[in-house]
Amino acid sequence: MEVQTLTYLIVGITFALYIGIAVWSRAGSTKEFYVAGGGVPPVMNGMATAADWMSAASFISLAGIVSFTGYDGSVYLMGWTGGYVLLALLMAPYLRKFGKFTVPDFVGDRYYSQAARTVAVVCAIFISFTYIAGQMRGVGVVFSRFLEVDVDTGVYIGMAVVFFYAVLGGMKGITYTQVAQYCVLIFAFMVPAIFLSVMMTGHIIPQLGFGSELVDAAGNNSGVFLLDKLDGLSAQLGFAQYTEGSKSMIDVFFITGALMFGTAGLPHVIVRFFTVPRVKDARSSAGWALVFIAIMYTTIPALAAFSRVNMIETVNGPDGQGVEYAQAPSWISSWEKTGLIEFDDKNGDGKMFYTNGENNEMKIDRDIIVLATPEIASLPAWVIALVAAGGLAAALSTSAGLLLVISTSVSHDLLKKNLMPDISDKKELMFARTAAAVGIVIAGYFGINPPGFVAAVVAFAFGLAASSLFPAITMGIFSKKMNKEGAIAGMLAGLTFTAAYIIYFKFVNPGANTPENWLFAISPEGIGLFGMLINFAAAIAVCKITTAVPASVQDMVESIRFPKGSGEARDH
Amino acid sequence: MSFKNDDKAKRYWNENIKLVLSLLTIWAAVSFGCGILLVDLLNEIHFMGFKLGFWFAQQGSMYVFVVLIFVYAAKANALDEKYDVHED
């Protein structure tokens, strides 16, 4: 069968599966809509969290980023996994015991203040919209690439599918669909990686092949380790050493930190730990989520290294002198059509050559690394179709999770807790569904008319989460003395500083965005960690000179610190 | 109040804090320590075909993170049992 037909078939089957699950598990109450009734077993919840977490961007682009930046790419690998340790140890069990639905719920109750709740709602909505815009675009790109429709049509199809199961199913529907989506996406990611690992190193486990000697076509060891080969190629072609990278140590430190603390402050991740039955489950659920994430995240750098060697050798040839364009493998010309690869024969010798600097003749987009892997490794057509289905699963699962946070923020935090406290459960559920529907339309608009700054706003989302929500939540749990004045001052100080720094370097004066101009050589991507420190400092200072925390709130903090009685908190 | 007395509650919380801090020390040591601050030094050492610092940054830290969470879950659950504040 042809690739095209196979792709339609596999994508069609997976979509039918997702919608079937959504219908089977649709939500009947607000509790089911917001937190799946609080009854999701920890392993399943971990799997759903992992699918929610791994977006189209990490499925398609992350291996490419690591492949092109080597050691520097570690900031994402450590940053987007290390945050789960913070979640498990500092937040998940306590928030589960607290037992309400949302992050603004906790901030509002703990700091006995509508103002604090409002700041949290604004952060939650902003962060989620930032993300979802990029996701809808991702859906569009994957559809257009593999189904040969244009990007806008791809976005419309994606909107329709997400609408169906997020609006209908709520958290309950989403969680069970995400379990299915995780299985699809991890299978789609691992199959090509394993094939490539066997082909290049003879190891079936990519994580082991990563540190092994390369083998030749006959399967004999070449005596050269993959990573030594890469460092050698990098030196030869004038790139930074693959295993050393080019970012400064302080910047690597701060970006990793901002991503870790940002991850632990993202509302759509935190809310997953409200959905498990017990405090005990919240602890292990974070562990399972990280297991499922780490399967992909430890494979990514291996795939990145395999592809880099493979790509350089394909273009420059085994002798490093360049390969005749006329004899290039067919995947080069087929991806040239999409504009992701460009060949410009500068010296007119008819050979392709890839290097750092002005002699470079190849423009290679980083997304190629995952998208073209099946072709580079000459894998069967069904693998190509599978990668399409995997990319879509990643994009859809993340959009649905984000959409839910947006609709919950509007119907629960804004309407029920702020503007219309008297509405019935049924009415609130209707508002939640309406908000989800409106959210999809807005997200779809951004998907079709992407703001040019999608990549830049991702730094924004993590920076804001690290500098606003993370400190407010952790201080709320670990300090009984932190009062509302301190928390609000801290959130505003962290938020203002981080936002101002990012807006200045990314939007107002992008020309000045160089290490010499940065504060302590910290890039806008890493400034959230600094903003977090400012938040803590401001909160503690203001807390010292203002009124004490009411006794009832101190008792509440006392009660979330141990698990006993969590069942009562569930049905309030 | 689920604890027999305030002293017990305080002791439970102190033990919990000690557990969390010791695990977070390992968390920071493998990522910020071995993967970033000491990376050049550790890269002198070769480990299963990797430079050790690079391995921590792109493989090792993630494996340790997973282990840390499950160790925490097991120890925190045991602590709940010890002070009789586990869920029914």
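The loop between helix 21 and helix 22 of chain A is where A:A521 sits, and A:F520 belongs to that loop too. Keep in mind that this is a predicted model.

**The loop and its backbone angles**
- The helices on either side of the loop that holds A:F520 are helix 21 (484–508) and helix 22 (527–545) of chain A.
- A:F520 isn't a glycine, yet its phi is positive, near 50°.
- A:A521 isn't a glycine either, and its phi is also positive, at about 60°.

**How exposed these two residues are**
- A:F520 counts as exposed because it has 10 C-beta neighbours inside 10 Å, and the cut-off for exposed is 12 or fewer.
- A:A521 has 15 C-beta neighbours inside 10 Å, so it goes down as partly exposed.

**Where the domains touch**
- On the domain 1 side of chain A, 16 residues make contact with 12 residues of domain 2 of chain A.
- Helix 5 (62–69), helix 11 (226–237) and helix 14 (279–316) of chain A each put at least two residues into the side of domain 1 that touches domain 2.
- That side of domain 1 of chain A is made up of 9 nonpolar and 7 polar residues, with no charged ones.

Terms used: Residues are numbered from 1 along each chain as its sequence is written. Chains are lettered from A and ligands numbered from 1 in the order in which they are written. This is a predicted model: local features need pLDDT of at least 70, side-chain atom pairs count only at pLDDT 80 or more; totals for chains, interfaces and linings use all residues. Two residues are in contact if their C-beta atoms, placed from the backbone, lie within 7 Å. Helices (H or I, at least four residues) and strands (E, at least two) are DSSP runs, numbered from the N terminus. Ala, Val, Leu, Ile, Met, Phe, Trp, Tyr, Cys and Pro count as nonpolar, Asp, Glu, Lys and Arg as charged, and the others, Gly among them, as polar. A residue is buried if 20 or more other C-beta atoms lie within 10 Å of its own, exposed if 12 or fewer, and partly exposed in between; C-beta atoms are placed from the backbone.
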